Amino acid sequence: GYDQRDVDAALARCGSGCNLLFLAARYDDVALDVGAHPAGFAMYGYGMGVTTLRSPLFVRARDWRPIVRVLASAPDRVHVESLTLDGRKREQRPPLRATGELDAAALGRAVGLDLRVGVADDRADAVVRQVEIRDVIETGLASAHASGLTIEQSVVADIGCHRVDTPCGDRLPLFNPWDQLPDYEVAPGVAVPGLANTGIGIVLLAGSRGAVIEDTIVARVTKIGLEVFGGACGDPFESGDVHLSRNDVSDTAVGIVVNGGCRVRTRFNTVRRSGQSGSESINLGTAFACGNGSATSGPHDSEWVGNVAEDSQGGGFQVGCTHAARLVFRDNTSRRGCATTRLAGSDFFAAGDPASPPAGLDVDGLTTVGSRCTFAVQVRARSDVAIRGVDASAPVGIRLEDTARVDVRSSFFRSSASVNGTGVNFAYEGTAPMAAELVQRSAGLSGFRAAVGYQVALSRTHDI
C-alpha cells in the first residue's frame with residue numbers, strides 16, 4: 001500500500017510549483033505539511049472515496065497534526081480536488097483533558113484541511129473542489145488569509161465527538177476514565193455520559209476576503225456547520241464579500257453562523273435538524289445565526305436571502321450580532337421551528353445592544369410553517385426596523401422590546417394559541433424609554449385574544 005513516505009517522496013521532487021496527482025488508492029498515516037510554492041501548489045485525486053488520505057493514529061496530544069496543512073506565504077494558486085481526507089476519529093485515542101475537552105496541545109491540530117495562505121490581494125486562485133472530509137475530532141476545514149478561496153461541491157461530515165451521532169474513540173475500554181466523562185448537558189445538572197468535543201465543519205477565519213462556499217454538504221457536526229469568523233468592515237483582517245450559497249447543512253448544534261465579517265451574503269441554503277442529538281450546548285439549536293466578531297463589531301451590511309430552516313430545535317433565524325447594522329433578511333422560510341420546545345422561542349429573533357441599538361434591520365418576506373415557537377418575530381433593542389411580507393402562525397405574532405422606529409406592514413399573523421394569544425406585544429425591559437413603534441393597518445391579525453398587548457404603560461402607536 002501507500003503511505004506518508006510515498007507522499008514525501010513526491011513532494012520532495014517539486015520545485016517552485018507543485019502538482020501532486022494521487023492514485024486511485026488509499027494512503028495511510030498521512031499528515032502533509034506544504035510550505036511556500038511561488039508558482040502554486042495543487043493536489044488532485046481520482047474522486048471522493050476513490051483516492052483517500054488517512055490520518056495517522058496519534059498517541060500524545062502534542063503529536064496531532066492536520067491531514068493536509070498548507071502554510072504558504074504568497075502562492076499564486078492553491079488547488080485541492082477530487083479526494084477524501086479521513087481523520088479516523090473512531091480509531092483515535094482522543095487527546096482529552098480531565099474536563100472532557102481537547103487537550104490544549106492538540107487544539108487547532110485535529111483538522112482535516114488547514115489552509116493558512118497569506119496573500120496580498122484578491123487575485124489568488126485558491127480552490128477546494130469535490131473534496132470529502134470526514135471523521136475529524138475538531139474541525140473539518142479551516143482557512144485564514146486565503147483571499148478568493150472557493151469551496152464547492154464538497155462534503156464535510158462527522159466532525160467533533162458525541163456518543164449518539166458522531167462517536168469518537170469507541171474502541172476505548174469501559175474502565176478507561178475518558179469513557180466516563182460527561183458529554184453535554186441536556187438540562188441544568190443533567191448530562192449524557194460519553195466522549196464529547198466541539199466540532200466545526202468549515203470555518204473561514206480572519207482575512208477571508210471574497211471567499212465562496214457553495215453547493216457543499218455539511219452533516220453531523222457537534223457545534224457549527226459553516227462559520228464565517230473574521231474582522232469587520234475596514235479591519236485589516238476583514239472577512240469581506242463572503243458568499244455562502246446553495247449549501248445543505250444538517251444535524252448540527254447550529255447550522256450556518258456569520259460570526260463577524262463584512263458584506264456576507266448567505267443565499268439559498270438549507271439547514272435541517274439544528275440542535276438534535278450531537279449538540280454540545282443546550283443554548284444552541286438555531287439554523288441560521290449571526291454573532292459578534294468582537295465586543296464592538298459584527299457582520300455589517302450583510303444579507304440572508306432565500307434560505308430554508310427545517311426542524312430546528314430552536315428558531316430558524318437568530319440575529320445575535322448585537323452591534324451589527326444594516327442587515328437584510330429577504331424571502332426566508334422556517335418550517336417546524338422550535339421542534340422540541342416553545343419556551344420563549346422565536347422563528348425570527350433579532351437582538352441589539354440596549355446601550356447603543358444598531359440601526360438598520362430589514363425583514364422583507366418571512367414564512368413560517370408548522371412552528372411551535374412562542375413568537376413568530378421578536379425584536380429587541382434595535383432601531384430603524386422594517387418588517388414586511390411576513391406570513392406566520394404563533395401564540396404571539398410579533399414581540400417588540402425596547403425598539404425604536406419600527407415599521408410593520410403588509411404582513412399577516414395567525415394565532416396558534418388556544419388562550420392568551422396576542423397579535424402584537426410591546427415590552428419595555430431597558431433602563432430608558434425608546435421611541436414609539438408603528439404597526440400599520442396592513443399588518444393583519446387573525447384569531448388572537450388581543451390585537452395589542454403592553455407589558456408596561458408606555459406610549460406606543462398602532463393602527464390595526
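Ser55 is buried in this predicted model, at 3% relative accessibility. In the chain, Ser55 sits in the loop that joins β6, residues 52–54, to β7, residues 68–72. What does Ser55 touch, once neighbours within four places in sequence are set aside? The contacts of Ser55 are Asp29, Val30, Ile67, Asp86, Gly87, Arg88 and Gln92.

Next, another loop. Tyr46 lies between β5, residues 40–44, and β6. Is Tyr46 buried or exposed? Tyr46 has a relative accessible area of 51%, and the cut-off for exposed is over 50%, so Tyr46 counts as exposed. Together with Leu21 and Val50, Tyr46 makes a nonpolar surface patch of about 320 Å².

The largest nonpolar core has 83 residues, and the members that touch the most others are Met43, Phe348 and Val377. There is also a second, separate core of 8 residues, with Val111, Ala142, Val254 and Val257 among them. Back to Met43: leaving out neighbours within four places in sequence, Met43 is in contact with Leu20, Phe22, Leu32, Leu53, Val68, His79, Val80, Glu81 and Leu83.

Last, Gly360. This residue belongs to strand β29, residues 359–369. Gly360 has a relative accessible area of 18%, and buried means under 20%, so Gly360 counts as buried. Not counting residues up to four places away in sequence, Gly360 touches Ala325, Arg326 and Leu327, and also Arg382, Ser383 and Asp384.

Definitions and conventions:
Residues are numbered from 1 along each chain as its sequence is written. This is a predicted model: local features need pLDDT of at least 70, side-chain atom pairs count only at pLDDT 80 or more; totals for chains, interfaces and linings use all residues. Side-chain values use heavy atoms; hydrogens and water are left out. Helices (H or I, at least four residues) and strands (E, at least two) are DSSP runs, numbered from the N terminus. Buried means under 20% relative accessible area, exposed over 50%, partly exposed in between (1.4 Å probe, protein chains only). Contact means heavy atoms within 4.5 Å. A nonpolar core is a set of buried Ala, Val, Leu, Ile, Met, Phe, Trp, Tyr and Cys residues joined through side-chain atoms within 4.5 Å. Patches are made of residues with over 30% relative accessible area and no salt bridge: like charges are joined within 9 Å, nonpolar side chains (Val, Leu, Ile, Met, Phe, Trp, Tyr) within 5 Å. Accessible areas come from the Shrake-Rupley method with a 1.4 Å probe; for residues, only the protein chains shown count as cover. A salt bridge is a side-chain nitrogen of Lys or Arg within 4 Å of a carboxyl oxygen of Asp or Glu.
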